[in-house]
Amino acid sequence: ASGSASNLLMEDDGSPEHAPIANGLPQSPEQGKTEQEKDNDLDFWMNNDSTSAAKSTEVEIKTPEVNVEYANVSSEEDSQKEKKTKKKKEKKAKKEKKSKKDKKLLRADYEEAEGITTPSKEQVPPSQAETPVAVQLPPMSSYVTLGENNSIKMTCDIRASHQRGDQVIVSVVFSNLTDHTIKDLEFNVMDTMNLKLIRSMGSSHHDAIKVPFILLPSAQNEGQFAFNIQEIKVPQKLKGTLTYIVKMDEGSTHEKIDFKLTFPCSSFLVATPCKGSNFTSLLESGDLTEKSSIQFTPQDSEFPVVLAKVCFYHHFRVVEQVEKSASVYSKSMQGHHICLLVKMVNDSIKIDGKSTDGSLLSNVLDEIKTMLV
């Protein structure tokens, strides 16, 4: 019946007024119906079509709304999932970073390297960590008294040359202790086979060096003298004399002062920066074959003071410090490496050292002990 209706619609002139309404029901002939019945039938089908069309419209309208709402919910869920994933990644990254830091801090308490160790790293929770108290360091000067009498005082400082491995510089401060002028100062020492004062061209090893200034009353001035040296593994001593003239109103007097110029092994060291990784590599290289240790009770009870004096007076640099232990490094003017581990145990100081030269290392440790006790 529906197929016949379709054919009829196709054969008709296409006008909606003449086309019979097909809704899947048997078609009745038009000739037997009155105009009233036709109108009623038309109203019936139009009403059904309107209802159906309305329902269809509602479904078509509501469906996109439902889809839009679903899409929004889905988008929010995706956004939340992305946030959760991002947070998880951030937490994971933080954990990995913390884990790496912990692993670095939790290395062996002492990294053994051919008989010398680096300081242990004790793990202390932040809540239990003590706030470090600043320690007042005493005033320190590298100048030591060379000689003194009633009219003049000499103090000196000895430094290894940074440019040459066979030369040291002695800085001497001359202080006038009188109310008169001091002039014609001449500085001289007795050379040895190992240590010689550098004089001007044409001078013999007996000639004195003229100091190029005068000292006014109660004034002071500094002069520098260079020495050539061959052997630095043992301390050196030179006898010397300073001659000068004190000019007074009633006349001038010639005077002199004798002194002994001591070159400790520490004066041949150059404070050289060293990274922790390089320090460890040096200890593990096998080049530092000489070892030596000392232990003593220092005058100073504060470890920072002890460490500061070791570095200042003996030309070392701190590589790493953990509480009351520190790794320090220095290098001689001739290229000898010296690595020390300085530790305070109770009231005692223990120093373990390694170097490429045993004699140099032993003498440096003795000088450190002499200075601290």
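I count two strands as paired if DSSP finds at least two bridges between them. Strands are DSSP runs of E, at least two residues, and helices are runs of H or I, at least four, numbered from the N terminus.

Housekeeping: this is a predicted model, where local features need pLDDT of at least 70, side-chain atom pairs count only at pLDDT 80 or more, and totals for chains, interfaces and linings use all residues. Residues are numbered from 1 along each chain as its sequence is written, and side-chain values use heavy atoms, with hydrogens and water left out.

**Sheet**

I looked up the open four-stranded sheet and got β6-β4-β8-β9 as its order, with antiparallel pairing. β6 (209–210) and β9 are the edge strands with a single partner each, so one side of each has no neighbour in the sheet. Next I checked β4 (residues 181–189) against β8 (residues 236–248): they run antiparallel and are joined by seven bridges. Thr 181 has Lys 247 as its bridge partner in β8.

**Ser 348**

I found Ser 348 in strand β15 (residues 348–355). Its relative accessible area is 19%, and buried means under 20% (1.4 Å probe, protein chains only). Leaving out residues up to four places away in sequence, Ser 348 touches Gln 295, Phe 296, Thr 297, Pro 298 and Lys 343; contact means heavy atoms within 4.5 Å.

Which strand do seven bridges join to β4? My note says β8.

Notes:
Buried means under 20% relative accessible area, exposed over 50%, partly exposed in between (1.4 Å probe, protein chains only).
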